[in-house]
Amino acid sequence: MAYIDGFVVAVPSINKEQYKAYAKQCIDIFKQEYGALACKECWGDDVPEGEITSFPLAVKAQDDETVVFSWITWPSKEVRDIGMQKCMQDPRFDPLKSPMPFDGKRMIYGGFEVLVDE
């Protein structure tokens, strides 16, 4: 059964193209080297701020930032665990060597078992 990693980040809106290029590099690594089946990067264009909770509140998005919602589809949790372990050890993902075009401290993420896939 497929396994999903989901991510939400706030990206400075001015960095849209920089983020897109960064995401494409990451996607190539995840798919070609770590076994991911698919990766999606979605630039928010209708992401309202809630009163109690919302995507913008969850990542503390500022007025000049856009919420990005992303996910990676893996063939299984086992493949994901190995792929993410490799990612954590890969110098290409070291923020000191390859800076992210967003504040990684405000990223929310998690792994999800697919419950319904129709």
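**Aromatic pairs and the fold**

Visitor: Is Phe93 buried or exposed?

Guide: Phe93 has a relative accessibility of 17%, so it counts as buried (under 20% relative accessible area is buried, over 50% exposed, and in between partly exposed, with a 1.4 Å probe and protein chains only). Please note that this is a predicted model, in which local features need pLDDT of at least 70 and side-chain atom pairs count only at pLDDT 80 or more, while totals for chains, interfaces and linings use all residues. Residues are numbered from 1 along each chain as its sequence is written, and side-chain values use heavy atoms, with hydrogens and water left out.

Visitor: How many aromatic pairs does the structure hold?

Guide: There are nine aromatic pairs in the structure. One of them is formed by Phe30 and Phe93, whose rings are 5.4 Å apart centre to centre, with 50 degrees between the planes, and count as tilted. For such pairs, ring centres of Phe, Tyr or Trp (its six-membered ring) lie within 6.5 Å; planes under 30 degrees apart are stacked, over 60 edge-to-face, and the rest tilted.

Visitor: Which parts does that pair tie together?

Guide: Phe30 is in helix H1, whereas Phe93 is in the loop between H3 and strand E4 (108–113), so the pair joins parts 63 residues apart in sequence. Helices (H or I, at least four residues) and strands (E, at least two) are DSSP runs, numbered from the N terminus.

Visitor: And Phe30, buried or exposed?

Guide: Phe30 has 8% relative accessibility and therefore counts as buried.

Visitor: What does Tyr34 form with Phe93?

Guide: Tyr34 and Phe93 make an aromatic pair that is also tilted, at 6.4 Å centre to centre and 35 degrees between the planes. This pair links distant parts of the chain, 59 residues apart: Tyr34 sits in the loop between H1 and E2, and Phe93 in the loop between H3 and E4. Tyr34 and Phe93 are both buried.

Visitor: Which residues form one aromatic cluster?

Guide: Tyr19, Tyr22, Trp43 and Phe102 together form one aromatic cluster.

Visitor: Changing topic: how many helices and strands does the chain have?

Guide: The chain has three helices and four strands. Read from the N terminus, these elements follow the order β-α-β-α-β-α-β. The C-alpha trace spans about 40 × 35 × 20 Å along the principal axes of the chain.

Visitor: What share of the residues in the chain is buried?

Guide: Of the 118 residues, 36% are buried.

Visitor: What part of the contacts joins residues 24 or more positions apart?

Guide: Among contacts with a separation of 6 or more, 82% are between residues 24 or more positions apart. A contact means heavy atoms within 4.5 Å.

Visitor: Where does Arg80 lie, and what does Arg80 touch?

Guide: Arg80 is part of helix H3. With 16% relative accessibility, Arg80 counts as buried. Residues up to four places away in sequence aside, Arg80 touches Tyr3, Asp5, Trp74 and Gly111.

Visitor: Now Thr73: where does Thr73 lie, and is Thr73 buried or exposed?

Guide: Thr73 belongs to strand E3. Its relative accessible area is 17%, so Thr73 is buried.

Visitor: Which residues is Thr73 in contact with?

Guide: Setting aside neighbours within four places in sequence, Thr73 is in contact with Ala2, Tyr3, Ile4, Ala36, Leu37 and Ala38. Tyr3 is also among the residues that Arg80 touches.
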